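Open the model in your viewer and keep the selection panel at hand. The stops below say what to select next and what is there.

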Amino acid sequence: MDFQIAMLLGQDGITNGAIYALLALALVLVFAVTRVIFIPQGEFVSYGALTLVMIQAGAIPATVWLLLGAGLLAAALDVRLALRAGQPGRLVRLLGWYVAYPLALVALLYTLPVKDFPMAAQILFALAVVVPMGPLMYRLIYQPIAAAPVLVLLIVSVAVHVAMVGLGLLFFGAEGSRTPPFSEARFEMGPVMVSGQTIWVVVSSLVLIVALYQFFERTLYGKALRATAINRVGARLMGISPALAGRLTFFLAALIGALSGVLIAPITTIYYDTGFLIGLKGFVAAIVGGLASYPMAAAGALLVGLLEAFSSFWASAHKEVIVFTLIIPVLLWRSLRGRHVEEEE
Amino acid sequence: MKPMFSPRLILGVFLAVLAVAPLVLSPFYVTLLNYIGLYALVALGLVLLTGVGGLTSFGQAAFVGLGAYTTAVLTTATELPGWLAWAGGSPWLALVVGLVFTAVVALVLGSLTLRLSGHYLPLGTIAWGISLYFLFGTLDTLGGHTGLTGVPPITVFGFELDRGEELFYLIWLFLLSAVFTTQNLLDSREGRAIRALKGGMVMAEAMGVNTARSRMIIFVIAALHACASGWLYAHLQRFVNPTPFGLHIGIEYLFMAVVGGAGQVWGALVGAGVITIAKQWLQDVLPRIFGQSGNFEVIFFGLMMVIVLQRARDGLWPLLARLVPVRATRRELDAAAEALPRKPLPAKGEVILEAKEVTRRFGGLVANNNMSLSVRAGEILALIGPNGAGKSTMFNQISGVDTPTSGEVLFLGRAVAGRDSREIARMGMSRTFQHVKLLPTMTVLENVAIGAHLRGDKGVLSSAWRLDRNQEARLLNEAARQIERVGLAEHMFDAAGSLALGQQRILEIARALAADPCLLLLDEPAAGLRFKEKQALAELLRKLRGEGIGILLVEHDMDFVMGLVNRVVVMEFGEKIAEGLPEDVQRNPAVLEAYLGGVE
């Protein structure tokens, strides 16, 4: 391996690492606030990327029907609750978000020539379709069992993942796709060529991380989420609704997932099930941080990205084996920091 | 009244149907039943692991793969390395090698991940599930993604089982023996320890159960079941490739266990049946509906799991069991069983517990300062004090849950510090908990029998094959004796969770007594008891004292304490402010000030 190849691999590793870092942050966030181990995080990556592909191909993205269906289901549940609670005033807002919004999206996608829009607008459309699935998913699937043990929530997460992969195959087919890069620019940095897309990925990730940091430090909602993460009961007693915290968290997780998908779609071919492996690598990173520390998770993500890039050079057949086996020494290290026998939730 | 069937009858009918099935069913259905049997074997391991033990694995398919690939390689390889040559060519030898190999892999993976808290283990299993799957696909000796062909059939006494209908009997023999041995195991000394893993680990450790070992046991058993299933699978299919050992199949196995009823041995069979048949049917129907081919059944499985976990977390088995009225069988106690041997008690009046200048700091807070106390055999010492005085901290130092910052605690002349609760239990110190720690779904009898864990020694294998019955009868007899002694005999077979709080506290005392202790630590035993119950408890404690047991009591209830105990130690702000006879302590001005406030 010469210097040039090393630099190339390093560039690859950092690009992927940036994506894993984003996903790891989302996973840590979701776990801290809701105790859900969010296995379907990766599906939002695929859904985001492939929805964009369909929009660019001039088709109506099938995901919008899923959004509408889930919206109708949630509306049915919540309208009943609202009526039973004698709060008909809430109906307008409920129906607006759950039903009118997806319908409006469908109408816009049908009438506007989205195919010929600039890429930024297409991306906005893709996000508008995929991201609201996050809070809807929380409402329909996790909220009814929010108090269940972590283990049950985990099994549910795996079930959701499995269902979403199946739906993904139905929506997008088995073929993989790529999107055109955000920019064709190439920069010469010393001896290495850096592609515009790499810079897009790294810069967007950094911007998103800083924005999240600001959100958690400066805004009331951000602080509410942090409070929930630290002490669920205490936050609830202070008037922070766990359901709201859950939906907000899932909104952020879906946003991060879909955006990650959009960012890497020009670099890697995305299949309906690609997201899972990407998401799992985010998990390996999050576990490095003990599912609790954001900076450690980010560092773990870079480690995973670089390890993956270099092992694809030295032992490409065993790339995945190496990355996922990394978790074992990490777990070992965590278990050696031993503890007493404790009760689990 | 509905007619009630005996469980034996239902089992007999089931076995008869099974025996006839391959003779009358078409090959298609026999194949289906074969697969149900294979999957149920894996799901059964998960029932033990997840439903009973509270550990979750998504990686069982990888263990199935280990079993399948081991036998495929050993029975098809033309050239084996010299040290393995003896195992070549014979499926039965390959089964043995596979089981040993799987056990080793499970031990290694288990020792890496089992000590971690709940959610790391399943995440770890996802990771190694994927790793092993990719490894199956990339190793040349395993045939890469095309796999290995030409696996020979299994022979039994020279008879080749090369048709599905013949292998059917072997598959179901494996499954049924696994079901019965698992059932037997759960109904034994080791089984009670395993059933305590979910929600009762701290208690179980205090009763001398090595919970880490129990976790490892069920992890390895689940892996071995999976391995055996893989072995049968390889000889049924006659070829292996990596596909059936991937993570998605591992997930499906877990779904089977959960859908069937993760806490139920027979639930594994129901779950495997439901999922296998539904899969067959959906794979047929869905591609026609959607107009394209693909594994769309996973959409339904995923949604089904969500609904099951939202609506019926115990799975389908309890719902099914309600349809068939089975007579409940009650455990028979064997009154003739020989009593368990008892440890000799120390001579009355001998100091058995001595705390010397114990200090415990939490950061800047001094919870215990220079505390000394001693308990003699055949006396009751009460440790009292207002809320926040540091009694519970002191209790933890003595019972070995916590380690003093300085000072030492001697029990029977040996230091307690640094020993774990198991060892302390073995030395003869037994305890109850301030917040009752019981296994609510188990009977009073079984709960108390956990206390006698260290007085038995039969392990997993003898339990599984019922070689432990003699000792088991003695253990249960001992438990029953203690239950009668504390006055709970009429509740012997009730679920522990159905007792009133006061009775649950008494149950804890029976459990502690079942360990045959010479020192009993009781944390607020009278809390929540009615007057009569308190009198009965006091009577019991007097009797125990008379037998020569030393008792340390942490208590709030002054009336209860004053009429009962020999000596009192009073704590306030982490320090001892008085010690002596109950009457003297009651008149002590420092004590009066601590309890009633000073006179201005």
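Buried means under 20% relative accessible area, exposed means over 50%, and partly exposed lies in between. By that cut-off B:Glu205 counts as buried because its relative accessibility is 5%. The model on screen is predicted.

**Stop 1: chain B as a whole**

Select chain B. Along the principal axes, its C-alpha atoms fill a box of roughly 90 × 60 × 50 Å. The chain contains 23 helices and 14 strands. Of its 600 residues, 56% are buried. The accessible surface comes to about 25000 Å², and carbon and sulfur atoms account for 59% of that area. Taking contacts between residues at least 6 apart in sequence, 75% join residues at least 24 apart.

**Stop 2: the annotated transmembrane regions**

Select residues 35-55, 62-86, 92-113, 120-139, 167-186, 216-234, 254-277 and 289-309 of chain B, which an unreviewed UniProt entry annotates as "transmembrane region". Residues 120-139 of chain B are 95% helix and 0% strand, with end C-alpha atoms 28 Å apart. Residues 167-186 of chain B are 100% helix, and the end C-alpha atoms lie 29 Å apart.

Now go to chain A. Under the annotation "transmembrane region", UniProt (unreviewed entry) lists several spans of this chain, including 20-39 and 59-83. Residues 20-39 of chain A are 75% helix and 0% strand, and their end C-alpha atoms lie 14 Å apart. For residues 59-83 of chain A the end C-alpha atoms are 38 Å apart, with 84% of the span in helix.

**Stop 3: the nonpolar cores**

Which residues touch the most other members of the largest nonpolar core? Select A:Phe38, A:Ile39, A:Met137, A:Tyr142, A:Val156, B:Phe63 and B:Phe255; the core has 220 residues. Helix H7 of chain A, residues 150-172, supplies the largest share of this core, with 17 residues. Apart from this core lies another of 49 residues, among them B:Ile384, B:Val444, B:Ala480 and B:Ile551.

Center on A:Ile39. Leaving out residues up to four places away in sequence, A:Ile39 touches A:Leu154, A:Ser157, A:Val158, A:His161, A:Phe276 and A:Phe283, as well as B:Leu123 and B:Ile126.

**Stop 4**

Show the surface and select B:Phe5, B:Leu9, B:Ile10, B:Val13, B:Val17, B:Leu320, B:Leu323, B:Val324 and B:Val326. Together these residues make a nonpolar surface patch of about 740 Å². Helix H1 (7-24) and helix H13 (316-323) of chain B each give two or more residues to the patch. H1(B) gives the most, with four. B:Val326 sits in the loop between H13 and strand S5 (351-362) of chain B. B:Val326 counts as partly exposed because its relative accessible area is 35%.

**Stop 5: salt bridges**

Over all chains, the count of salt bridges is 30. Select B:Arg192 and B:Glu472, whose side chains meet in a salt bridge with an N to O distance of 3.0 Å. This pair links distant parts of the chain: B:Arg192 is in helix H7 (residues 189-195) of chain B and B:Glu472 in helix H18 of chain B, 280 residues apart. B:Arg192 is buried at 2% relative accessibility, and B:Glu472 is buried with a relative accessible area of 2%.

Next, select B:Arg422 and B:Glu205, a salt bridge whose closest N and O atoms are 3.0 Å apart. B:Arg422 belongs to helix H15 (residues 421-427) of chain B and B:Glu205 to helix H8 (residues 201-206) of chain B, 217 residues apart. Buried or partly exposed: which applies to B:Arg422? B:Arg422 is partly exposed because its relative accessible area is 22%, whereas B:Glu205 is buried.

Then select B:Arg530 and B:Glu533. The closest N and O atoms of this salt bridge are 3.3 Å apart. B:Arg530 is exposed, with a relative accessible area of 58%. Finish with B:Asp187, B:Arg466, B:Asp468 and B:Arg469, which are joined into one network by salt bridges that share partners.

**Stop 6: positive phi angles**

Stay on B:Arg466. Its phi is near 65 degrees, a positive value in a residue other than glycine. B:Arg466 lies in the loop between helix H17 (460-464) and helix H18 (469-486) of chain B, and is partly exposed at 31% relative accessibility.

Last, select B:Arg238, where phi is near 70 degrees, again positive in a residue other than glycine. B:Arg238 is in the loop between helix H9 (211-237) and strand S4 (239-240) of chain B. With a relative accessible area of 30%, B:Arg238 is partly exposed.

How values were computed. Residues numbered from 1 in each chain as written. Chains lettered and ligands numbered in written order. Predicted model: local features only at pLDDT ≥ 70, side-chain atom pairs only at ≥ 80, totals over all residues. Heavy atoms only, no water. UniProt positions renumbered as here; feature names shortened; annotations may be inferred. Patch = residues over 30% accessible without salt bridge, like charges linked within 9 Å, V, L, I, M, F, W, Y side chains within 5 Å. Areas by Shrake-Rupley, 256 points an atom, 1.4 Å probe, with all protein chains shown as cover. Salt bridge = Lys/Arg side-chain N within 4 Å of Asp/Glu carboxyl O. Buried < 20%, exposed > 50% of the residue type's maximum accessible area, 1.4 Å probe, protein only. Core = buried A, V, L, I, M, F, W, Y, C linked by side-chain atoms within 4.5 Å. Contact = heavy atoms within 4.5 Å.
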